[in-house]
Amino acid sequence: MLPRISPMRLSIAKRFDSADHIFELKHDGFRSIAYIENGECHLVSRNLNNFKSFEGLRKSLENLAENAILDGEVVCLDTHGISQFDKLMSRRGHPVFYAFDLLWLNGEDMRMFPLIDRKECLHKLVKKSACDRLLYAQHIGGRGVAFFEEICQRNLEGIVAKPKNGVYKSNGRGWLKIKNPNYSQAEGRHEWFKPRS
């Protein structure tokens, strides 16, 4: 039986360069832990609630040959591969799972391995799966400032910086989000979460 894992938390930071960090694109969707075991998949939110929707995505991930726990983001992408939050919220898109960490694989707890090693195993797992709704979150090393400037020019949400040799601690800190202050999809976002009368 797979353990329940509380996800690593993100703190807000300013852009920086660091040889000790890797930098990933911050996808605009729902953070999720995917539990895949014996042909079943459960998607659990960062607040440890089971997602009731995304049945098609869950069915696709069930075909993963291995038992695994993945940390990632449920997103809807446009034809250019850019996250479209409104399509995700309105359930009008075709959600995919962008995996950025591998926490458990076939009975082995991966959380104490360095992040860079976990990502290498994750990359192999995603490639082997041949699942078109399971994507691997690429990263770059060191050059956070240039990467952040590039995503701002492309009107993307932001980047995430992670210690490349860091371990995965439930509810731990150490991952840093650097948000694009001019991200156009953030405008009016609060309207999605207003209580309905």
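A charge sits over a ring if NZ of Lys or CZ of Arg is within 6 Å of the ring centre and within 35 degrees of the ring normal. The views below come from a predicted model, in which local features need pLDDT of at least 70 and side-chain atom pairs count only at pLDDT 80 or more, while totals for chains, interfaces and linings use all residues. Residues are numbered from 1 along each chain as its sequence is written, and side-chain values use heavy atoms, with hydrogens and water left out.

**View 1. Charges over the rings of Tyr35 and Trp175**. Arg4 lies over the face of Tyr35, at 5.2 Å from the ring centre. Lys162 is placed over the face of Trp175, at 3.9 Å from the ring centre. Trp175 is buried at 3% relative accessibility (buried means under 20% relative accessible area, exposed over 50% and partly exposed in between, with a 1.4 Å probe and protein chains only).

**View 2. The edge-to-face pair of Tyr168 and Trp175**. The whole structure holds seven aromatic pairs; rings of Phe, Tyr and Trp (its six-membered ring) pair if their centres lie within 6.5 Å, and planes under 30 degrees apart count as stacked, over 60 as edge-to-face and the rest as tilted. In the pair formed by Phe30 and Phe85, the centres are 5.8 Å apart and the planes stand at 85 degrees, so this pair is edge-to-face. The rings of Tyr168 and Trp175 have centres 5.6 Å apart and planes at 80 degrees, so they too form an edge-to-face pair. Tyr168 is buried, with a relative accessible area of 2%.

**View 3. The cluster of Phe30, Phe51, Phe54 and Phe85**. Ring pairs link these four residues. Phe30 belongs to strand S3 and Phe85 to helix H2, so their pair ties together parts 55 residues apart in sequence. Helices (H or I, at least four residues) and strands (E, at least two) are DSSP runs, numbered from the N terminus. Phe30 is buried at 15% relative accessible area, and Phe85 is buried at 4%.

View 4. A pocket is an open set of points on a 1 Å grid over the protein atoms alone, where a 1.4 Å probe fits, with protein on both sides within 12 Å along at least five of seven lines; lining residues have an atom within 4 Å of a point. Of the 32 lining residues, Lys26, Gly29, Arg31, Arg46 and Glu73 are the closest to the centre of the largest pocket. Strand S11 gives the most to this lining, with three residues.

View 5. Asp78 lies in the loop between strand S5 (68-75) and helix H2 (85-89) and counts as partly exposed at 23% relative accessibility. Lys119, in helix H3 (residues 115-129), is buried with a relative accessible area of 0%.
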